[in-house]
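Here is a short report on strands, salt bridges and a few local features. Keep the sequence and the 3D view open while you read.

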Amino acid sequence: MSSSSFDKVIAVLKKYNRFTIGCHIHPDGDAIGSLLAMGLSLEMSGKLVEMVLPEGEPVTFGFLPGVEKTKRISNLDPEVVICLDCAEKSRLQLPSEVFSSEPLLVNIDHHISNFGFGDVNLVLPDAAATGQIVYELLNLGEFPIDSRIAMSVYAAISTDTGFFRYSNTTGKVLSLASELVNKFRISPSEVAEWVYEEKSFSSVRLLGEVLSTLKISEDNQFSWMILDQQMLKKYPIELDEMENYVNYANSVQGVKVGLFFKEIKPGEVKISWRSKANIDVSRLAVHFGGGGHARAAGCLIKGSLPDVINEVLSFVQQYFNQSFKDSKDAQK
Ligand SMILES: [Mn+2]
């Protein structure tokens, strides 16, 4: 992508004065980090800014400085809406009144499936995190960056790379992390501790229940775990607190895909997908109306928990049967 996409967004940020900033539903570290970095910097530039999280502050990222400035509702009547880390406009979680005076929509994202639904688009699939794009944007536009913003960018990048473990952890990402640490005194151990070692008691107990459901397919290609309403009633926690559970399914030796079925409401099942090797789970999740990245994706299916599990598992089994057949054919 050329620098002209950056220039267009920078021009919008300089020109207008009232900004509403939003991110995707059930925000993760990248969504929240990008939102705070963008919002705090514009605020320091003297703009009127509101950072809107209709679901409230996510528990896991309550430690980020500036998160107390976010609000559940909008009352700004913005000239510009900035949409962060949303592959589709339908994933943007903002109250509808934000759009009543037809603000300019700026779409900043790194999902490969983002087709550019904004009036101005900055979509860079090579970026490890949307926070990385926001940081580059703020630098190029010479917008203020302080330690709170650096912390948000670090949280965005570290969580979207699985703390520098996933395949999107490039040299560029590590240099950027190093810059944040050197220039702004961000403490990697402090951020990791907040994200991984400050779990609520319920969240760790619930993980135990979920882990006890772990199963593996007969061909050892994929494994899955289940969370039902009963478990959630016993240990009520927010969805963002179980963000990392799915990685346990994917961590089983030899397994290529890990799945986590969450019955978030009766009749509604949210599925998290993770993969190793060369399997693009976003393509599998798309089949069920979801999406995401090659190694991490999600979808939501309506139906009873057992029906949804059956449907998805037989689809995944078929996928592996087919790819096994294809590889055999290729050897012929
Ligand atoms: Mn992201």
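Buried means under 20% relative accessible area, exposed means over 50%, and partly exposed lies in between (1.4 Å probe, protein chains only). The model is predicted: local features need pLDDT of at least 70, side-chain atom pairs count only at pLDDT 80 or more, and totals for chains, interfaces and linings use all residues. Residues are numbered from 1 along each chain as its sequence is written, and side-chain values use heavy atoms, leaving out hydrogens and water.

**Salt bridges**

A salt bridge here is a side-chain nitrogen of Lys or Arg within 4 Å of a carboxyl oxygen of Asp or Glu. Side chains of opposite charge can pair when their charged atoms come close. The count by this rule is ten.

| Pair | Closest N and O atoms |
|---|---|
| Arg148 and Asp146 | 2.8 Å |
| Glu243 and Arg274 | 3.9 Å |
| Asp329 and Lys325 | 3.9 Å |

Take Glu243 and Arg274, joined by a salt bridge. This pair links distant parts of the chain, 31 residues apart: Glu243 sits in the loop between α8 (229-234) and α9 (246-250), Arg274 in strand β9 (residues 268-275). Helices (H or I, at least four residues) and strands (E, at least two) are DSSP runs, numbered from the N terminus. Glu243 is partly exposed at 35% relative accessible area. Arg274 is buried at 10%.

Arg148 is partly exposed, at 23%. Its partner Asp146 is buried, at 18%.

Asp329 and Lys325 lie four residues apart in helix α11 (residues 305-331), so about one helical turn separates them. Asp329 is partly exposed at 36% relative accessibility. Lys325 is also partly exposed, at 46%.

Salt bridges also link Lys265, Glu268 and Lys302 in a network.

**Strands**

Two strands pair if DSSP finds at least two bridges between them. Six strands form an open sheet with mixed pairing, in the order β6-β7-β8-β9-β11-β10. Its edge strands are β6 (215-216) and β10 (291-292), each pairing on one side only. β10 runs antiparallel to strand β11 (residues 296-302), with two bridges between them. Gly291 is opposite Gly298 in β11.

Which strands pair with β4 in the parallel sense? β3 does, over five bridges. β5 (residues 120-123) does too, over four bridges. Val80 has Leu104 in β4 as its bridge partner. Val106 has Val120 in β5 as its bridge partner. Why is β4 (residues 104-109) largely enclosed by the rest of the structure? Because five of its six residues are buried.

**Loop residues**

Phe163 is in the loop between α4 (147-160) and α5 (171-184). Its phi is positive, about 55 degrees, although it is not a glycine. Phe163 is buried at 15% relative accessibility. Phe164 is found in the loop between α4 and α5. Phe164 has a positive phi of about 65 degrees and is not a glycine. At 23% relative accessibility, Phe164 is partly exposed.

Asp77 lies in the loop between β2 (48-51) and β3 (80-84). Its relative accessible area is 42%, so Asp77 is partly exposed. Asp77 and Asn310 are 233 residues apart in sequence and 46 Å apart in space, C-alpha to C-alpha.
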